[in-house]
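The sequence and structure come first.

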Amino acid sequence: MTDTGADPLVIAGEEFGSRLIMGTGGAPSMHVLREALTASGTELTTVAMRRVDPSARGSVLDVLAACGIRVLPNTAGCFTAGEAVLTAKLAREALGTNWVKLEVIADEHTLLPDPVELLDAAEQLVADGFVVLPYTSDDPVLARRLEQAGCAAVMPLGSPIGSGLGIRNPHNIELIVERADVPVILDAGLGTASDAALAMELGCDAVLLATAVTRAQSPATMAAAMRHAVEAGRLARRAGRIPMRRYAQASSPFEGLASGRANL
Amino acid sequence: MDIAIIGAGAIGLATAWKAAEGGAAVTLIDPAPGSGATHVAAGMLTPVSELTYGEEPLLRLGLASRERYPSFVAELEELTGLGTGRRTDGILLVAFDSDDLRYVDDLRRFQESLGIPSEALTGREARRLEPMLAPGVRGGLLAPEDGSIDPRRLTAALLAATERTGVRLVRRRAAGIVVERDAAAGVRLDDGTEVRADRVLLAAGPWSGDLDGLPPGTVPSVRPVKGQVIRLRTRAPFLGRTVRGLVKGSHVYLVPRADGEIVVGATQEELGFDTRVTAGGLWELLRDARELLPGITELDFAEVTAGLRPGSPDNAPMMGATGLPGLLLGTGHFRNGILLTPVSADILSALLLDRPVPDIAAAFTPDRFTADRFTAEVSQ
């Protein structure tokens, strides 16, 4: 019996049919972005609040509205908890959503999360009624602390933002998945479709990516590839993979072959 | 034929000149000619180093315009006696670190696949061309046929050319389009008076959608994309040609002029009609410029400006008829307005005068966004 029926992603009690969350940074044009978002099938997409004016016409927010995609504001570009909290509040006011992708980065060169500032900001935002989705390093302990702080999901990186290096520490991602009671969303570092499939096979509930699509030679084609990869990886996880073996094990039995041949 | 043109940036000015030269009675409407993106622009003439995947039609338009530039500038100088500071000494694209070099190599392969000549250089070779470059630069690409122009001198010359050819300049803001019998019949000014015209060209950059009287959907989305630009001055020779740099993934360019000005740009910000100059914008430009050319800190600061590029959904200009008969659109030139000025003036003046339009214009009509052909292809 196949088990490929409805399998929504649930974050803070809200359901999403797609397990691919998109970012918008890096697209060469609004037209290309729109094609890519459409091809990805995404239902939730992040927008850097420091880089848009919510009242401007023709902006990325208009593109998302036209595509019927829910906006997830993020705090990209913030280096301190103070900046991130302020940015989240401005986003809530401007967009009327209390959801936020929380991003507090440590330095411009690696764009790695600053764990101390991140946890600090998460605590403040949860206390203020936000649904917080923190972009975090792949540290299982930090992921647990963020969950304990009341975050609605944890979003560990596969590798640094925009690097396309894939999932550098799959073991840590598995450890995070094993312990988490909130959705685990692999965020950052994915380069191509197999990276997204691997994230889902490791047990992540969703994947968040931007650069791998927006800076691909054909963004819409890569977006379609990512959509299929996320679906394939999720199905593989649900199906349950076979154990690995050292030696071969024939898929059809050898028994009876000799007598079968004799009849030819 | 009476023609009204709204917007006296580079595109509006050049089209007004060419349409008047072609025999039309042209009225050009702008409260402050040449004060928008044209005033801020650095004036790189570089279809080659701006090449982006999926934007090959735009490359071809840029190449056509670059080829048109020598005769365009010669006509302009002959008519007005004014120079434009055009340079044809090539543009050097340099990569700061190994990641940047991978991007530059990819760009070179893409250029090669399209038959565009560009020359790969090692870091040493790049520094031989431009000795002020930081010792660590990893390599680069020379686009030998690219160059630059001074948009402010170009504007002054175009303004003089419109005067010489009898264009009437109305220094007022256009408030609306006069529509009669479902067709454009002129322009209503902010003082309530009207400029009657058989044809109206809307070349008002990011403000092109803001006029009263436009039926909904007449003008496709043109959005403002802010750019902050710094102007420095040098007393000693500093740069021999325009240098574009990719510095840890971010872009910066430096455009030198014969009089010692060096233009450093530009940020690209989606912040609506906001022209504030910000600490962060200046810092990012100077940070990257200094990584690339450490000696930059010794130069004199001259000016900082912020302007609004007219961005179309696919970064390419929208030139041609709109849903309203008699109203034409000539905007959406985004980062390439100065480069595309000659070819746009040829296309738009031909459209206005009912003359044969260059074939290349077919890919840039405003109605191309109505059919989402790309999306249909991918979803199959």
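Two strands pair if DSSP finds at least two bridges between them. The model described here is predicted.

## Domains of chain B

Chain B is split into two domains: domain 1 takes in residues 2–54, 152–222 and 313–378, while domain 2 takes in 91–144 and 223–311. Taken over C-alpha atoms, the centres of domain 1 of chain B and domain 2 of chain B are 29 Å apart.

## Contact between the domains

Where domain 1 of chain B meets domain 2 of chain B, 23 residues of domain 1 are in contact with 27 residues of domain 2. On the side of domain 1 of chain B that touches domain 2 of chain B, helix H2 (residues 37–40) of chain B gives the most, with three residues. The residues of that side of domain 1 of chain B comprise 10 nonpolar, 12 polar and one charged.

Strand S12 (residues 199–202) of chain B is covered on both faces. B:Arg199 and B:Leu201 are buried on one side, and B:Val200 and B:Leu202 are buried on the other.

Strand S1 (residues 2–6) of chain B pairs with S12(B) in the parallel sense, over four bridges. In S12(B), B:Val200 is the residue opposite B:Ala4. Strand S19 (residues 327–331) of chain B also pairs with S12(B) in the parallel sense, over three bridges. Here B:Leu202 stands opposite B:Leu329 of S19(B).

Conventions:
Residues are numbered from 1 along each chain as its sequence is written. Chains are lettered from A and ligands numbered from 1 in the order in which they are written. This is a predicted model: local features need pLDDT of at least 70, side-chain atom pairs count only at pLDDT 80 or more; totals for chains, interfaces and linings use all residues. Domain bounds come from an automatic or database domain assignment. Two residues are in contact if their C-beta atoms, placed from the backbone, lie within 7 Å. Helices (H or I, at least four residues) and strands (E, at least two) are DSSP runs, numbered from the N terminus. Ala, Val, Leu, Ile, Met, Phe, Trp, Tyr, Cys and Pro count as nonpolar, Asp, Glu, Lys and Arg as charged, and the others, Gly among them, as polar. A residue is buried if 20 or more other C-beta atoms lie within 10 Å of its own, exposed if 12 or fewer, and partly exposed in between; C-beta atoms are placed from the backbone.
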